[in-house]
Amino acid sequence: MIAQLEPLYVRTKPGKTVVRLLSYTLFEGRPLTTRGRWINPIVLFLLRQGKKVPLTRRVQKPVFIIGIGRSGTTVLGLVLSVHRDFGFLNEPKALWHVIYPQEDLVGNYKEGFARYHLTAEEATATVSAAAHRLFGLYLIVTNSRRLVDKYPELVFRIPFVKAIFPDAKFLLLCRNGWDICRSIDAWSRSKSVKKRHMTYNWWGVNNRKWRLLLEQVAVKDSQLGNIIHNIRKFTKQTDMAAVEWILSMREGLRMLDLYPDDIHVVRYERLVSNPQDTLRDIMRFCEVPLDETVVNYARHTLRRCSASRQHISLNPVIVPVFESTMLELGYNIN
């Protein structure tokens, strides 16, 4: 499905279809597991040229959707993209790579060193100017007033983003951990790609993202750091997914303590079961006018949660941390 466009979206807002196609074609880049990666050199060339264009559109109160993949971040971005004010970028890693090359965790564009956490110190004047120019150019090209950028791993980079955009707003998606593990496992089974000695999957090129997660994040965690020698041996997708979910959610909660006025928690289960109230809360937080088209589109797009939250079998060494994180987020573990 090109640019995540389906018939209902096209019928609901034909003009927004053009915006999505422009976002997809000119700004996002294509990930390793998809066809069409031939376009990436063209996208990178255009973005590098765009970085030189003088700033003519100020980026005001950009909205970033963060958390962990498979938690509803894409569908929330698509729903919000129907709003008349928003342009939506779906994991524009090509754009972020041009802004800060060491941010590439999966190896889409770079094989060298990458950083999971990015701090305010990394947001130099040069980096900040590049971000403002490229996102400002995006607003001009798509004729959008506001920006929505879905990039879950930015949950580890909020100080970096805040240093660039002090008025940024963050939507933190939370979803039941068992469903996340089950979904990542299914994704890995269906979309992994093997080429010669290379494997491209959820964990990047030859598990690059997994190694960075352990080396830079898990070892520093107060609980997972004590069992890191066990975690390094994990090969089961659900166990690895549980580690990423734990670390992402705990980082999100830590950031919520630091930036309580700038982060709005969105529970996936409430989004799909009660889209009206959830989306009205989100639009109020984002300071955009209520747009009933968004709510109506969501009613037809979001499916109600199925009763699929049965336990899954996880490696015993991480079960206590997994369950304590579930409880901290308000989920029932029984």
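This is a predicted model: local features need pLDDT of at least 70, side-chain atom pairs count only at pLDDT 80 or more; totals for chains, interfaces and linings use all residues.

Residues are numbered from 1 along each chain as its sequence is written, and side-chain values use heavy atoms, with hydrogens and water left out.

Tryptophan 38 sits in the loop between helix H2 (14-28) and helix H3 (40-50); helices (H or I, at least four residues) and strands (E, at least two) are DSSP runs, numbered from the N terminus. Tryptophan 38 is exposed, at 64% relative accessible area. Here, buried means under 20%, exposed over 50%, and partly exposed in between (1.4 Å probe, protein chains only). Together with Ile42, Phe45 and Leu46, Trp38 makes a nonpolar surface patch of about 470 Å² accessible area.

Now helix H9, residues 208-217. Eight of its 10 residues are buried, among them Trp210, Leu213 and Val217. The cover over these buried residues includes strand S7 (204-205), helix H10 (228-231) and helix H11 (237-258).

Last, valine 317. Which loop holds valine 317? Valine 317 is in the loop between helix H14 (292-301) and helix H15 (319-328), and is partly exposed, with a relative accessible area of 30%. Setting aside neighbours within four places in sequence, valine 317 is in contact (heavy atoms within 4.5 Å) with Ile227, Asn230 and Phe234. Its C-alpha atom is separated by 51 Å from that of arginine 57, 260 residues apart along the chain.

Note on methods: Patches are made of residues with over 30% relative accessible area and no salt bridge: like charges are joined within 9 Å, nonpolar side chains (Val, Leu, Ile, Met, Phe, Trp, Tyr) within 5 Å. Accessible areas come from the Shrake-Rupley method with a 1.4 Å probe; for residues, only the protein chains shown count as cover. A salt bridge is a side-chain nitrogen of Lys or Arg within 4 Å of a carboxyl oxygen of Asp or Glu.
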